[in-house]
Amino acid sequence: MAFSLLLLVQLVIISTLVSLYVRLWRSRNGPLRPMDWPVVGVLPALISRLHDLHDELTVVLAASGCNLKAQGPLGSGMRFFLTADPANVRHIFTSNHANYPKGEELAEIFDIVSGSILTVDGEACRQQRGMFQSVLSNPRVLELMSRCCREKVVDGLLPFLARMASTGTPFDMQDLMTRLIFDLTATPIFGVDPGCLSVDMPSMHVAVAMDTVMEVGLLRHTVPASCWKMMRQLNFGPERKLAVAHTLLHGFITEMMEKTKARCSGPDELAAVDILSGDPAYCSDKALLSKILINYMIAGRDTVGTTLPWVFYNLAKNPRVVSGIREELAHIASLKASAAASNDMVFFESEETKDLVYLQAALFESLRLYPPGPFERKVVLADDVLPSGHRLCSGETILISIYSMGRMEALWGKDCYEYRPERWLSEDGGKLRYVPSHKFMAFNSGPRMCLGKDIAVTQMKTIVAAVTWNFDLEVLEGQSIQTKLSCILQMKNGLKMNVKKR
């Protein structure tokens, strides 16, 4: 521990001094490529750029041919290869995926879900993917998801927006979407509605705890493991906050499991936990079951819940795209004569939005620019040579910048920073273009492709269609839209919006 504490103190002092130098250089000379400084490696460059880490990394990778090698502080054992090269991504995730597992260190970083599908490799991963596939393809679970989505949008989301419109009250779209998706994720898992999106808007301490896991997770990714483990042992700094978050999350799972047992469900209703707890592999290991359920919550809430605020931000900034979505919805809305005649709000069923290509293109374009998971992490098992010609050594860590991949001119053209859904459409606009997953990584790629992709897209199309058809949204002026320092691409200060009923 003494060595770890001394190393931490030295890193803080040296990194601070070098960080000040980097900032001085940038103020006089413009962008500075990250340097592997003596002793501290690239840590000072990370510190000096944390406020806009992903954008800075995009600039650096673009200038480096989409690939970059770096190292951590002396003695830390941190050796990184950063890439936004689709050919390398295909090699890592598909062609030679067995050589690039998530690795044991990721399980330590996300110890609250260690042993779950997020952190395991090999046979354990295949078994859990099979289990998740059985849950996500079960007709009764899917029916519960669909019914829950409809009820939450019709009885919760749309009435809330109508109240905000009638009073002219600004609201935080990110908080609203977090509440909605938290309920949409938890209800099909436990068969019980947490009620986060209710009139009284209760405390979201469990969601905040999930945010803490992702925020401290980023810190654990960027500092030597000996440093954050020492802080954990001392119950110090962000590790102390994380320990509280772990307690809250495990307590939430215990509480929801008790409510699940006590619920009065219909004979045809089946929640995901009913399937999981009946599996012999998990029913006898309550700790692992708890971690799997937390993983399930993170997979559902952090993906869709992180994406939707960016979708509404992009739509509010691009009214022509909103017009395109409404034009696509108009025929469906015209068939709902009763709602139109009574001036009620219109809800679009999932079957009705399934084939709407422009709406899906608008979602994918937002996911390209603002992927909910901005990076992926892998480790190298055996020495290898990538398609780019870079040699990788066993034990090196690979960071794939999904955020940067979506903003590379070589991949998406000179307008790569522009929000333009048309890039996803065929020439006649009637079909979606095929884009390989190793170029568009929002849903992962290869054998670990996201199992919930279709469900996530369906939910987002249902929500965006209902909001876009019934309301006009406007981003409140004067706010700073920045990304949070986290493993997920949340907005640091939320998204304040005004709404008007159409």
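Q: Is Cys450 buried, exposed or partly exposed, and what is its relative accessible area?
A: In this predicted model, Cys450 is partly exposed, because its relative accessible area of 34% falls between the limits of under 20% for buried and over 50% for exposed.

Q: Where is Cys450 found, and which residues does Cys450 touch?
A: Cys450 is found in the loop between α20 (409-412) and α21 (453-470), where, leaving aside residues up to four places away in sequence, Cys450 touches Phe443 and Asn444. The UniProt record, an unreviewed entry, lists Cys450 under "binding site".

Q: Which aromatic cluster does Phe443 belong to?
A: Phe443 forms one aromatic cluster with Phe364, Trp412, Trp424 and Phe440.

Q: How many aromatic pairs are there, and how is the pair of Phe160 and Phe171 to be read?
A: Rings are paired when their centres lie within 6.5 Å, and planes over 60 degrees apart count as edge-to-face; by this rule the count comes to 13 aromatic pairs. One of them joins Phe160 and Phe171, which are edge-to-face at 5.8 Å centre to centre, with 85° between the planes. Phe160 lies in helix α7 (residues 139-167) and Phe171 in strand β3 (residues 171-172), so this pair ties together parts that are eleven residues apart in sequence. Phe160 counts as buried at 10% relative accessibility, and Phe171 likewise counts as buried, at 5%.

Q: What is the geometry of the pair that Phe364 and Trp424 form, and which parts does the pair tie together?
A: Phe364 and Trp424 are also edge-to-face, at 5.4 Å centre to centre and with 70° between the planes. Since Phe364 lies in helix α18 (residues 357-369) and Trp424 in the loop between α20 and α21, the pair ties together parts that are 60 residues apart in sequence. Both Phe364 and Trp424 are buried.

Q: Which charged residue has its end over the ring of Trp412, and at what distance from the centre?
A: The charged end of Lys439 sits over the ring of Trp412, 4.3 Å from its centre. Arg368 also lies over the face of Trp412, at 5.3 Å from the ring centre.

Q: In what order do the three strands of the open sheet lie, and in which sense do they pair?
A: Strands of a sheet pair through backbone hydrogen bonds, either parallel or antiparallel. Here the order is β3-β9-β8 and the pairing is antiparallel; β3 and β8 (471-475) are the edge strands, each pairing on one side only. Strand β9 (residues 496-501) pairs with β3 over two bridges, and Lys496 in β9 is the bridge partner of Asp172.

Terms used
Residues are numbered from 1 along each chain as its sequence is written. This is a predicted model: local features need pLDDT of at least 70, side-chain atom pairs count only at pLDDT 80 or more; totals for chains, interfaces and linings use all residues. Side-chain values use heavy atoms; hydrogens and water are left out. UniProt positions are given in the numbering used here, feature names are shortened, and annotations may be inferred rather than shown by experiment. Helices (H or I, at least four residues) and strands (E, at least two) are DSSP runs, numbered from the N terminus. Buried means under 20% relative accessible area, exposed over 50%, partly exposed in between (1.4 Å probe, protein chains only). Contact means heavy atoms within 4.5 Å. Rings of Phe, Tyr and Trp (its six-membered ring) pair if their centres lie within 6.5 Å; planes under 30 degrees apart count as stacked, over 60 as edge-to-face and the rest as tilted. A charge sits over a ring if NZ of Lys or CZ of Arg is within 6 Å of the ring centre and within 35 degrees of the ring normal. Two strands pair if DSSP finds at least two bridges between them.
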